[in-house]
Amino acid sequence: MFTTTLLTLTLLSLTLPSSSTTDICIIGSGIAGSSVAHFLRQYSPTPTTTIHIFERHPVVGGRMATVTVAGETFEAGASILHPKNYHALNFTNMLNLKVKGPSASDSSMSLGIWDGRQFLFKTIDSDSKSQIVQYFVSFVNSIRMLFRYGVSLLKMNNFVEVTVDNFLRYYESMESRPVFSNVEDMLKWADLYDLTTRTLEEELVGLNFSPLLIQELITVITRINYGQSVRISGLAGAVSLAGSGGNLWAVEGGNWQMAAGLINRSDVTLHLKEEIASITNVGGFYELNSTNGNSYTCQVTVVATPLDELTTQFTPEIHIPERKLQHTHATFVRGVLNPAYFGLNSVSDIPELVGTIESPELPFTCISVLKEHSADDFTYKLFSRQSLTDELLDQFFSKRNETLRINWGAYPHYHAPEEFAPFILDDNHLYYVNAFENAASTMETSAVSAENMARLILSRLAGQQPLGSSGLKSSTSDSNLQHPEL
């Protein structure tokens, strides 16, 4: 039985060490870093705290970014949010951002599962704009998928729902929700840890899922969402499956606006185009030296970007489990796909989303239509594990008018059992938000980790030293957090 020790602490009346300003430095301006700043301000809006955010790029947002193709703006990085991503929903409402839900064309997007030689399965589609027709097409496709994959489809939905319900515990009030000093305890408290000890494939085989469903549809989903096979860890796999459901949404104009808005509201000093080259512990404080030649002294330093490919030097050295990032190459093409490549006669016969099974011979993981400008003019998005050469693209496309390539160190390369870096990187106040990414990497999991991190920092600054998992009580409820189920 997982147990916790409760500490009594009133966050909004928190008394930080007095006499001088507490400088908190955050490295990274993505959703993790911006959320840490937001929650620090929300839980301790004291004027004695100064927050600095350092971003090596000229814009904020981290792995949330957009590209412009044919005058249209498209998500280039983190692109979709689940309807129960409550932190993101509340950020969006608080910042007066506009939610972009799925369009009618998105919800009826045709799917094809490609093995490199043929389509193993294709949904039917219709050009009709009639809602009745689209509903009928959707119903027929559901029957066809049920016929192919059997009751395992229903098992998949239940598997996702159970995982999501457990994850919802992270939105409980602070009276009942502990503050966590490590990832393992945070996962165990929500009954999610065991999923990180087994692969998704092992988990689903144990639940008697159809091998065909695992090899085809579920593999397509994990390759699209995490660029990896069903051998990823089970929790990352469950999160991936949740990201294939209905009612997904994004922020109109780009998800990066959440990070920008949180930073603007959090009264921080933002340092753009300033990369931190070294972090040195000097007598209980941290000296941060940037590649611009500047030096900063901070009582608290928060690393809010993956350490795996970061060149920052730490003194004393820090030690975290070795981890590789999974690179996803996003290629945007304005042009027309070549139907002959897929053994088809017409562009209209190509599914709007082409997913692929796990095979070393396949050069891409998926191709999707982002926008149909006309019958012979489309904008496409391709994901692949390696950069797609012009020679390869000319095999896929009969015409290319514009091509953009982005190489993302997008998320961890998942395996089971997972090992987790610590939230606290030393014996003082050096913290690592992205340690939670080895459980699952999404915008919302980053925000959930950041919320816990803010509470952890404030509790330790106030003299509380959580051992493993500890409770953090507040005299006020999370009134800003709105979710109808809770």
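Trainee: Is Asp308 buried or partly exposed?

Mentor: At 22% relative accessibility, Asp308 counts as partly exposed. Buried means under 20% relative accessible area and exposed over 50%, with partly exposed in between (1.4 Å probe, protein chains only). The model is predicted, so local features need pLDDT of at least 70 and side-chain atom pairs 80 or more, while totals for chains, interfaces and linings use all residues. Residues are numbered from 1 along each chain as its sequence is written, and side-chain values use heavy atoms, without hydrogens and water.

Trainee: Which residue forms a salt bridge with Asp308?

Mentor: A salt bridge is a side-chain nitrogen of Lys or Arg within 4 Å of a carboxyl oxygen of Asp or Glu. Here Arg323 pairs with Asp308, the closest N and O atoms being 2.4 Å apart. Arg323 counts as buried, at 14% relative accessibility. The whole structure has 16 salt bridges, and Asp390, Asp394, Arg400 and Arg405 are linked in a network of them.

Trainee: What is the closest N and O distance between Glu437 and Arg63?

Mentor: Glu437 and Arg63 form a salt bridge at 3.0 Å. Glu437 is buried, at 4%, whereas Arg63 is partly exposed, at 24%.

Trainee: Which residues line the largest cavity?

Mentor: Rolling a probe the size of a water molecule over the atoms shows where empty space is left. A cavity is a set of points on a 1 Å grid over the protein atoms alone where a 1.4 Å probe fits but cannot get out; lining residues have an atom within 4 Å of a point. The largest cavity holds about 70 Å³, and its lining includes Asp308, Arg323, Glu419 and Phe420.

Notes. On a 1 Å grid over the protein atoms alone, a cavity is a set of points where a 1.4 Å probe fits but cannot get out, and a pocket is an open set with protein on both sides within 12 Å along at least five of seven lines; lining residues have an atom within 4 Å of a point. Grid points are joined across faces, edges and corners, and a volume is the space filled by probe spheres set on the points.
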